[in-house]
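Let's walk through this one together, question by question. Have a look at the model first, then read on.

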Amino acid sequence: MVSSPHEAMHRIFQEYPDLFSRLSEVLGVRFAPPTSVTILPTDVTETRPLERRLDTLLRLETEDDEPLLLAVEAQGKKDPAKPASWAYYASYLLTKYRLQPMLLVVCQDRATAEWAAREVRFGPRQWPLLTLRPLVAGPHNMPVITDPAEVRKDLAVATLSAITHATHPKVEAILKAMTHVLRDTPTALVNPIVELIAQGMGQNPAAEQWRKLVAVDLSFYKSYISEEIRDEGRAEGRAEGRAEDILDAFEVRGIDVSEAVRERITTCGDPETLRRWHRRAVIAASAEEIFTDE
């Protein structure tokens with residue numbers, strides 16, 4: 001199953017097709033800014049049964065150089081079979097479009113990024129026939145952007161940087177810098193960035209940090225994900241309030257509450273369950289009795 005970070009790491013190039021030229025400078029390689037960009041089909045399957053698909057494929061037009069085909073692959077872990085697939089993609093694209101292909105691999109894991117950046121040679125040791133050398137963006141070479149001024153210079157690059165650093169120790173500062181800038185950014189530009197970063201954080205702890213920052217720092221912002229975040233925040237607030245009401249009821253009635261019972265009450269996130277427990281707390285002979293029939 002394709003993970004949400006995987007989607008975000010290549011989908012950002014669909015949202016911001018001209019991102020590659022700016023990113024390439026960050027990675028130390030200069031490609032001219034495109035004058036136009038075309039999103040191409042990602043299916044590179046031949047007539048035989050084997051199916052192959054790229055994550056994202058773009059045709060970049062520039063004023064000075066010939067058009068460039070950019071294949072973007074999001075890589076979540078080391079895969080010994082991938083270099084051969086990437087070499088196939090490059091050959092197929094060159095044959096089909098008669099344009100020079102470029103492969104960009106985006107990673108969130110440093111070890112995977114360094115593995116993907118290795119030069120791979122195909123053919124006999126004495127005379128390698130092909131050499132694969134992808135350009136890689138990941139935690140090992142993407143800037144850690146915690147200064148809002150740097151975020152403001154290029155929101156797309158800053159967004160990709162935040163995604164690649166989802167597990168960085170400074171991720172909270174990275175995300176805080178993003179929301180600081182987004183407060184003053186037109187809503188039309190905010191929407192894809194909020195959702196891409198939410199996708200890119202995946203199941204990492206930073207996902208919850210991002211949700212809270214959006215709910216607080218971007219309280220004006222309206223989108224399905226921000227509304228979902230705020231709904232969750234309101235639900236959490238109601239749950240915390242009802243848990244306190246239950247404990248207060250026991251305290252007023254002089255009923256002892258064990259640590260196990262207290263933990264079960266305070267960690268419950270279902271407002272309906274807590275409301276049911278609260279009703280029972282008013283008449284229960286012991287704290288444990290509120291869990292009857294649960």
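Q: How many salt bridges does the count come to in this model?
A: This is a predicted model, where local features need pLDDT of at least 70, side-chain atom pairs count only at pLDDT 80 or more, and totals for chains, interfaces and linings use all residues. Residues are numbered from 1 along each chain as its sequence is written, and side-chain values use heavy atoms, with hydrogens and water left out. A salt bridge here is a side-chain nitrogen of Lys or Arg within 4 Å of a carboxyl oxygen of Asp or Glu. By that rule, the count is eight.

Q: Which residue meets Arg11 in a salt bridge, and at what N to O distance?
A: Start in helix α1, residues 4-15, where both partners lie four residues apart, about one turn of the helix. (Helices are DSSP runs of H or I with at least four residues, strands are runs of E with at least two, and both are numbered from the N terminus.) The partner of Arg11 is Glu15, at 3.3 Å.

Q: Is Arg11 buried or exposed?
A: The cut-offs are simple: buried means under 20% relative accessible area, exposed means over 50%, and partly exposed is in between, with a 1.4 Å probe and protein chains only. Arg11 has a relative accessibility of 18%, so it counts as buried.

Q: Where do Asp154 and Arg22 lie, and how many residues apart are they?
A: These two side chains meet in a salt bridge of 2.6 Å, N to O. The pair links distant parts of the chain: Asp154 is in the loop between α5 (148-153) and α6 (155-164), while Arg22 is in helix α2 (residues 19-26), and the separation is 132 residues.

Q: What is the relative accessibility of Glu73?
A: Glu73 forms a salt bridge with Lys82, their closest N and O atoms being 3.2 Å apart. Lys82 is buried, with a relative accessible area of 18%. Glu73 counts as buried too, because its relative accessibility is 1%.

Q: In what sense do β3 and β4 pair, parallel or antiparallel?
A: Two strands pair if DSSP finds at least two bridges between them. Strand β3 covers residues 68-74, and there are seven bridges between this strand and β4. Glu73 stands opposite Val105 in β4. The sense of the β3 and β4 pairing is parallel.

Q: How many of the residues of strand β4 are buried?
A: Strand β4 runs over residues 100-106, seven residues in total, and is mostly covered. The number buried is five.

Q: Which residue of β3 is the bridge partner of Leu58?
A: β2 and β3 pair in the antiparallel sense over five bridges, and a hairpin of five residues joins the strands. Strand β2 (residues 56-62) has six of its seven residues buried, so it is largely enclosed by the rest of the structure. The partner of Leu58 in β3 is Leu70.

Q: What is the phi of Arg98 near?
A: Arg98 sits in the loop between α3 (82-97) and β4. It is exposed, with a relative accessible area of 66%. Most residues other than glycine have a negative phi. Arg98 has a positive value, near 55°.

Q: How far apart in space are Lys77 and Ala113, C-alpha to C-alpha?
A: Lys77 lies in the loop between β3 and α3. Lys77 is exposed, with a relative accessible area of 60%. In sequence, Lys77 and Ala113 are 36 residues apart, but in space the distance is 8.5 Å.

Q: Is Phe291 buried or exposed?
A: Phe291 is found in the segment after α12 (271-281). Phe291 and Ile265 are 26 residues apart in sequence, with 9.8 Å between their C-alpha atoms. With a relative accessible area of 13%, Phe291 is buried.
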